[in-house]
2 protein chains.
Amino acid sequence: MSSAHRRDAAATRAAILRAGVEAFTRYGFDGVGVREIAQAAGVSAMLVNRYFGSKEGLFAEVAEVSMTDRTVLGDDPATLARDIAAALVRRTSPAADNLSPFLLMLRSAANPRAAEILRENIERHVEAHVYEVAPDTRGTDRAAVVLAVIAGFWLLRKVIGSSALNGTDEKTLETTLRQLFETLIPSATTG
Amino acid sequence: MSSAHRRDAAATRAAILRAGVEAFTRYGFDGVGVREIAQAAGVSAMLVNRYFGSKEGLFAEVAEVSMTDRTVLGDDPATLARDIAAALVRRTSPAADNLSPFLLMLRSAANPRAAEILRENIERHVEAHVYEVAPDTRGTDRAAVVLAVIAGFWLLRKVIGSSALNGTDEKTLETTLRQLFETLIPSATTG
DNA sequence: TCCACAAGTCTACAGTCGTATACTTCGTTC
DNA sequence: GAACGAAGTATACGACTGTAGACTTGTGGA
């Protein structure tokens with residue numbers, strides 16, 4: 001362990017997983033090949049299958065990791081609607097180029113097997129997080145609709161590239177979105 | 001012209017286009033091959049390229065046709081929010097199995113070239129239609145946000161298959177959505 | 001020191017993809 | 001009725017896909 005770890009299984013696995021998150025988020029499940037992912041991780045293509053069983057196995061773990069990321073929503077129930085709106089506008093800004101789990105979902109949902117994996121992880125992690133932060137959405141459809149609104153905005157603004165959403169003043173966008181989320185999350189006050 | 005037209009260029013072209021709408025909507029641009037589309041139209045694969053130049057050319061025309069379909073939104077500005085909510089819940093119902101332009105968009109958006117084609121057609125046809133029916137959304141971001149909400153709901157309920165959205169009472173869903181659209185479309189009254 | 005096992009790579013296979021070229025078949029018009 | 005052009009098909013090519021199997025290389029412990 002003196003010099004750099006050249007043959008470190010855990011590190012290699014982590015590198016592949018990281019490359020997988022990036023590639024699947026950018027290009028979607030069907031838009032990228034295992035050879036490309038392996039090259040980005042600096043390893044041979046077959047290591048993907050060795051560590052994750054298959055391309056689908058890697059995607060399942062990528063979805064798990066991505067959906068567990070809690071930077072999507074805020075933590076304060078009182079300012080939740082405002083926080084979601086602000087973060088959404090900021091992270092979908094033309095300059096921003098990040099690895100949102102919503103991009104992973106949007107770009108991979110066309111594949112039925114990927115869609116099923118995504119559904120399972122969204123319900124287990126993301127919806128659960130919404131319930132946690134905004135308890136009064138539990139038992140209703142509102143948590144899922146919040147996610148639908150966020151996903152739809154990501155889609156139109158970043159994946160499709162709507163010029164209406166990219167040309168409008170971001171303050172206006174944020175106001176529109178905040179009104180929507182305040183409608184959906186009763187506990188979030190206008191401030 | 002007495003018997004059935006066996007060698008009718010216009011009819012063949014139309015058959016390929018129809019098969020293209022169905023296939024691209026169901027499986028997305030990258031999820032279906034030209035051979036499969038041609039077989040559904042009852043012709044050889046190369047006719048796709050003869051009539052539409054390429055797979056991408058066929059997709060462009062499919063997008064044009066699909067986005068020009070005006071059954072998505074209602075026509076009465078006063079009841080627009082309610083109509084959109086009702087149609088959205090009905091058409092995303094588990095039993096329903098239709099060819100919504102939103103499904104076409106959601107399942108093909110991962111491909112960058114398809115996304116660009118979709119963007120152009122959405123702005124030219126769908127957004128324009130929203131402006132037409134709800135003039136007070138013009139010049140704002142609201143028409144695009146309406147589309148984002150619709151797309152997000154389609155995504156979560158039909159493409160991903162969210163059990164929250166498929167298990168909830170449809171009346172409740174419709175109420176939630178109507179509130180959202182009434183927020184976005186000022187001219188639509190609660191009734 | 002050397003060996004056993006883990007870590008990693010190479011090669012190959014069977015399939016699918018979009019599409020270009022060459023071909024055949026049909027309908028129409030003189 | 002024959003021929004010309006349009007409508008449609010067959011074949012093939014090169015690139016790419018996921019992954020199985022055999023192989024090589026490195027490293028930690030005895």
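Helices here are DSSP runs of H or I with at least four residues, strands are runs of E with at least two, and both are numbered from the N terminus.

Before moving on, note that this is a predicted model, in which local features need pLDDT of at least 70 and side-chain atom pairs count only at pLDDT 80 or more, while totals for chains, interfaces and linings use all residues. Residues are numbered from 1 along each chain as its sequence is written, chains are lettered from A and ligands numbered from 1 in the order in which they are written, and side-chain values use heavy atoms, with hydrogens and water left out.

Now show chain A as a whole, which has 10 helices and zero strands and whose C-alpha atoms fill a box of roughly 55 × 40 × 35 Å along the principal axes. Of the 191 residues in chain A, 51% are buried. Among the contacts in chain A with a separation of 6 or more, 72% join residues 24 or more positions apart, where contact means heavy atoms within 4.5 Å.

Next select Ser93(A), in the loop between α5 and α6 of chain A, which counts as buried at 16% relative accessibility. Leaving aside residues up to four places away in sequence, Ser93(A) touches Arg157(A), Lys158(A) and Glu170(A). Two of these residues, Arg157(A) and Glu170(A), form a salt bridge whose closest N and O atoms are 2.9 Å apart; the term stands for a side-chain nitrogen of Lys or Arg within 4 Å of a carboxyl oxygen of Asp or Glu. Because Glu170(A) lies in helix α10 (residues 170-184) and Arg157(A) in helix α8 of chain A, the pair ties together parts that are 13 residues apart in sequence. Arg157(A) is buried, with a relative accessible area of 2%, whereas Glu170(A) is partly exposed at 29%.

From there, go to Glu64(A) and Arg124(A), whose side chains meet in a salt bridge of 3.2 Å, N to O. Glu64(A) belongs to helix α4 (residues 55-68) and Arg124(A) to helix α7 (residues 112-133) of chain A, so this pair ties together parts that are 60 residues apart in sequence.

Return to chain B and select Glu116(B) and Arg119(B), which form a salt bridge of 2.7 Å, N to O. Both lie in helix α7 of chain B, three residues apart, about one turn of the helix. Glu116(B) is partly exposed, with a relative accessible area of 41%, while Arg119(B) is buried at 18%.

Finish on the surface of chain A, where Asp75(A), Asp76(A), Asp83(A) and Glu132(A) gather in a patch of negative charge. Asp83(A) sits in helix α5 (residues 80-91) of chain A and counts as partly exposed at 31% relative accessibility. Patches are made of residues with over 30% relative accessible area and no salt bridge, with like charges joined within 9 Å and nonpolar side chains (Val, Leu, Ile, Met, Phe, Trp, Tyr) within 5 Å.

Terms used:
Accessible areas come from the Shrake-Rupley method with a 1.4 Å probe; for residues, only the protein chains shown count as cover. Lys and Arg count as positive and Asp and Glu as negative; His and the chain ends are not counted. The place of a charge is taken as NZ of Lys, CZ of Arg, CG of Asp or CD of Glu. Buried means under 20% relative accessible area, exposed over 50%, partly exposed in between (1.4 Å probe, protein chains only).
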